[in-house]
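Student: Can you walk me through this one? I'd like to start with the core, then look at a sheet.
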Amino acid sequence: MTGYGLVAEGSLNIGDHRIELESIENGRVYRRIYRGEVKAELLISGVEKIVLTPIYPVMVPKFFTQYILLELKEPLVIAPGSHIVIYTFVPVDLAVYVYRSEMYRIVDAFSINKIKYTLYGPIEQGVVARYWRTELLRQESYPGLGKALTRLVVVNKTREWARLSKILLDSSPLKLYYRRGSWEAYTQELSLTIDTPSTASIVYGKPFVEDAVAIDDPPELKPPRITNRTDMLWGI
């Protein structure tokens, strides 16, 4: 297998990582080896299937924030009252799920990207976020391993020219999808409204690709029942 999906017995190379799965009498032995060093080793009993998927980039080295901050390599300058549809990449890590019936659990998560966190907003009120520099694209593009493609509808509802240089995402309402047997990952469509020259709001919409499978969200990041929006109050 090359790509996301069911993990079969044998080995799978993913960048500098190698996943090994061995069937034994009492279950299966799972190992992840990074540059010759065993980073994870588990005996898994009673499992029906093991699945490798993309995962929100907030689980490694451990979960302590749900936010992702995208810094645009080339800022977007948008005229007053206008809108544009663009694409960009969001970082994703990788997760190994084990399943029995409808029950599931993540047993391993790792990253092939450089891990960096930053503060968005003031120290007293801001949020810590996974940091990622990304580019804007005018059309759909193949995301590749470690990335998810997102479609972004940007609306400037102010009466002034606006400059967008960063995007704050919340992993809880964000959704991830993947195509089995490939390294393609996607989010749903995002609508970003520039409310003032320094603030914006993001609404999380519906999928924009077909034939993609939604990941099962970890308990820490179940989608909210009430709000489906992120407010950027400390700069755009």
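Tutor: A term to begin with. A nonpolar core is a set of buried Ala, Val, Leu, Ile, Met, Phe, Trp, Tyr and Cys residues joined through side-chain atoms within 4.5 Å. Keep in mind that this is a predicted model.

Student: Ok. How many residues does the largest nonpolar core have?

Tutor: It has 60 residues. L52, V154, I167, L169 and L192 have the most contacts inside it.

Student: Take V154. What is V154 in contact with, leaving aside its neighbours within four places in sequence?

Tutor: The list is L76, I78, S82, H83, I84, I86, L164, L192 and I194.

Student: And which residues does the second core include?

Tutor: Y87, L149, F208 and V209 are among its seven residues. That core is separate.

Student: New topic, the sheet. In what order do the four strands come?

Tutor: The order is β1-β6-β9-β10, in an open sheet with antiparallel pairing.

Student: Which strands stand at the edges?

Tutor: β1 (5–6) and β10 (103–110) do. Each has a single partner strand, so one side of each lacks a neighbour in the sheet.

Student: How many bridges pair β6 and β9?

Tutor: Seven, linking residues 49–55 of β6 with residues 93–100 of β9. Within this pairing, P54 sits opposite L94 in β9.

Student: What about β9 and β10, parallel or antiparallel?

Tutor: Antiparallel, joined by seven bridges. R100 has M103 in β10 as its bridge partner.

Student: What's in the hairpin there?

Tutor: Two residues lie between β9 and β10. In this hairpin, S101 takes a positive phi near 55°.

Key
Residues are numbered from 1 along each chain as its sequence is written. This is a predicted model: local features need pLDDT of at least 70, side-chain atom pairs count only at pLDDT 80 or more; totals for chains, interfaces and linings use all residues. Side-chain values use heavy atoms; hydrogens and water are left out. Two strands pair if DSSP finds at least two bridges between them. Buried means under 20% relative accessible area, exposed over 50%, partly exposed in between (1.4 Å probe, protein chains only). Contact means heavy atoms within 4.5 Å.
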